[in-house]
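Please read them with the structure open.

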Amino acid sequence: MYVAVKGGERAIENAHAWLAEERRGNGDVAELSLAQIREQLSLAVNRVMAEGSLYDPDLAALAIKQARGDLIEAIFLIRAYRTTLPRFGATKPVDTGAMDCDRRISATFKDAPGGQVLGPTFDYTHRLLDFKLAAEGGESLEAPKAAPRHQPTPHITEFLAGEDIIQREPESEAAPGDLTRQPMSFPAGRDIRLQSLTRGDEGFLLGLAYSTQRGYARNHAFVGELRIGTVAVEMEIPELGFAIEIGEVELTECETVNQFKGSKTEPPQFTRGYGLVFGQTERKAISMALVDRALRWRELGEDDLGAAAQDEEFVLSHSDNIQATGFLEHIKLPHYVDFQSELELVRKLRREAGADATREAAE
Amino acid sequence: MTQDYNFAYLDEQTKRMIRRAILKGLAVPGYQVPFASREMPMPYGWGTGGVQVSAATLTPEDTFKVIDQGSDDTTNAVSIRKFFEKTAGVAVTEETEKASVIQTRHRIPEAALREDQILVYQVPIPEPLRFLEPRETETRKMHSLQEYGLMHVKLYEDISQHGAIATAYAYPVRVSDRYVMDPSPIPKFDNPKLEMAAIQLFGAGREQRIYAVPPYTKVVSLDFEDYPFEPTKADHACDLCGAEDSYLDEVILDDAGNRMFVCSDTDYCRSRREAGHVGRLGEEAA
């Protein structure tokens, strides 16, 4: 009569088998290839690479396939794989000023050296379902091409820096911390903060960034510049004694220019927020820049307004979706023992409060 | 795209880092040592802290046992046991007696553990003061100053409101007269067992903390002279093995709400039944 205790092992195996079948879906429908996911769901691939903190489109495509399209699950697969990889060293900082830009826009200047380049954006599309896409067998499409630009595209904020009207970022040769190799402690420092934000959950950062726009630590941000493109990754090889290019990565970089009336310690000037994220991930990069700026209140001598986006410990402790989803979902695990002890406690407290007696009297 | 993993999954550098944290934890009983927790192939909140501590503790000669809610066969216990069978190739057992390393969630085995055993706890929220003060920066200060008044006020308020301390599990303890510690969500029935011969290690993966209670260390459950700590359990005997001294799970049997009570420690129950003890419904179940 008592059946609940045994059978966990077989139940797990059967659940896994069913999961595999569901993942494949109807066998009459052609199976997705990793190349299809990589090429046609590239923004999903980008998000998985960014929040998984591993730049590998093929592995990200595999993770998406294995996770049945659940991107947080895919990010989790990538993170778990990433921790097992050996570390050979650190690359030199990438030079985003030398980026080959696919997209580069500024909301602060009508035109600037390098121009406004819209690139492959959804921005001005009308969000009407395109039923032509439902018909399969469409040919590959080719967009008109302009001659590529060969000079580097300067950062917009550099034009403001020349006038000294925007806050200068302190230069540093210090090696940045690594949040995957050191336990988090607060205050975290901007290096760790930016690392945490760039791998943080897009939805969480979007919500926080939005809250600053709606008045919770309001700080009006202009998109000084948003650029998307590829940069070379260089690494110094000890045996060679000089740096060589080992590959390139696609990045989205956002610099916001924020109003600033000055504080006790700083003169009136524009201030900056910064976002840098793997892949074409501009919603995330803009969100990151807004949250970064909100978190800089202390360094700029601003007031703590008690807003969520200003609270470093709050933001960094809750931005990681792998930590959050794991802890949230662990409440599915058995809690018979704690629940039993609560049951006994509540029964005892009710007895002592005479609740049972009162109810009986009422019946 | 295949990969061979190191013994017990983690690389040696990581295991060394974890062992250092464990040693520090043993040297300062009850103190939460920050460590650079790794992302594991199971979710945070599902035992990643315990798994990392076990990985750093296991040797190829060890015999490993995993329990969740006292049982070896609950789904997550099965999953963790299989993980180490696969990545470490260690012997596994369901018998408390035969295990050298026991990973547990929410229980301390009923049978007394020995000096040559290690008990590894999975910890969700290592900070006993967390629900009184959400900020880590504040709670660390409170520990360093032994500023535990807030906790006593909370326990006092329970008594004034409910006539009893309204904490049934994860009941806070003071270790070695110094640190207030969260014993993980074990029922308070288990608290007296925290003074034991075995090494007790606590791992919280998501929160990046390891702490420890060395063998024979003084562990006191917080209370007041006039409201002493009371380990409680259901007022029944096990319906399968008749044990009156073990923690019991309540099982609903039918639509009429009939219940039975059985040992939560399945190995304890099994060994008692094998020794001939029979509870109220024991024969029916056998």
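1. Confidence. This is a predicted model. The predictor gives the complex an ipTM of 0.86 and a pTM of 0.90. Chain B has an average pLDDT of 94, and 97% of the residues score at least 70.

2. Overall build of chain B. Chain B holds 7 helices and 12 strands. Its radius of gyration is 20 Å, close to the 19 Å that the globule rule gives for 286 residues, so chain B is as compact as a globular protein of that length. The C-alpha trace of chain B spans about 55 × 50 × 35 Å along its principal axes.

3. Burial and contacts in chain B. Of the 286 residues, 50% count as buried. Take the contacts in chain B with a separation of 6 or more: residues 24 or more positions apart account for 62% of them.

4. Helix α2 of chain B. Is this helix mostly covered or mostly open? It is mostly covered: 10 of its 10 residues, 48-57, are buried. Among them are B:T48, B:G49, B:G50, B:Q52 and B:S54, along with B:V51 and B:V53. The helices are α1 (12-27) and α3 of chain B. The strands include β4 (101-105) and β5 (118-122) of chain B. Strands β8 (199-204) and β9 (209-213) of chain B also pack against them.

5. B:R209. This arginine is found in strand β9 of chain B. Why does B:R209 count as buried? It has 25 C-beta neighbours inside 10 Å, and the cut-off for buried is 20 or more. Leaving out residues up to four places away in sequence, B:R209 touches B:Q32, B:V33, B:P34, B:P126 and B:A204. B:F189 is another matter: it is 20 residues from B:R209 along the chain, and their C-alpha atoms are separated by 25 Å.

6. Where the chains meet. Contact involves 51 residues of chain B and 41 residues of chain A. On the chain B side, the elements that give two or more residues are α3 (75-87), α4 (136-144), β11 (248-252), β12 (259-263) and α7 (282-285). The largest share, 4 residues, comes from α3(B). By class, this side of chain B has 22 nonpolar, 17 polar and 12 charged residues.

7. Domains of chain A. The domain assignment gives domain 1 (2-82) and domain 2 (96-121 + 147-168 + 181-325). Their C-alpha centres lie 30 Å apart.

8. Helix α1 of chain A. The 17 residues of this helix (8-24) should span 24 Å at 1.5 Å a residue. Its end C-alpha atoms are 25 Å apart, which agrees. Of those 17 residues, the number buried is 1, so α1(A) lies largely in the open. A:G25 follows the helix, and its phi is positive, near 70°.

Conventions. Residues numbered from 1 in each chain as written. Chains lettered and ligands numbered in written order. Predicted model: local features only at pLDDT ≥ 70, side-chain atom pairs only at ≥ 80, totals over all residues. Expected span 1.5 Å × (residues − 1). Buried ≥ 20, exposed ≤ 12 C-beta atoms within 10 Å, placed from the backbone. Contact = placed C-beta atoms within 7 Å. Nonpolar A, V, L, I, M, F, W, Y, C, P; charged D, E, K, R; others polar. Rg over C-alpha atoms; globule rule 2.2 N^0.38 Å. Domains from an automatic or database assignment. pLDDT = per-residue confidence, 0-100.
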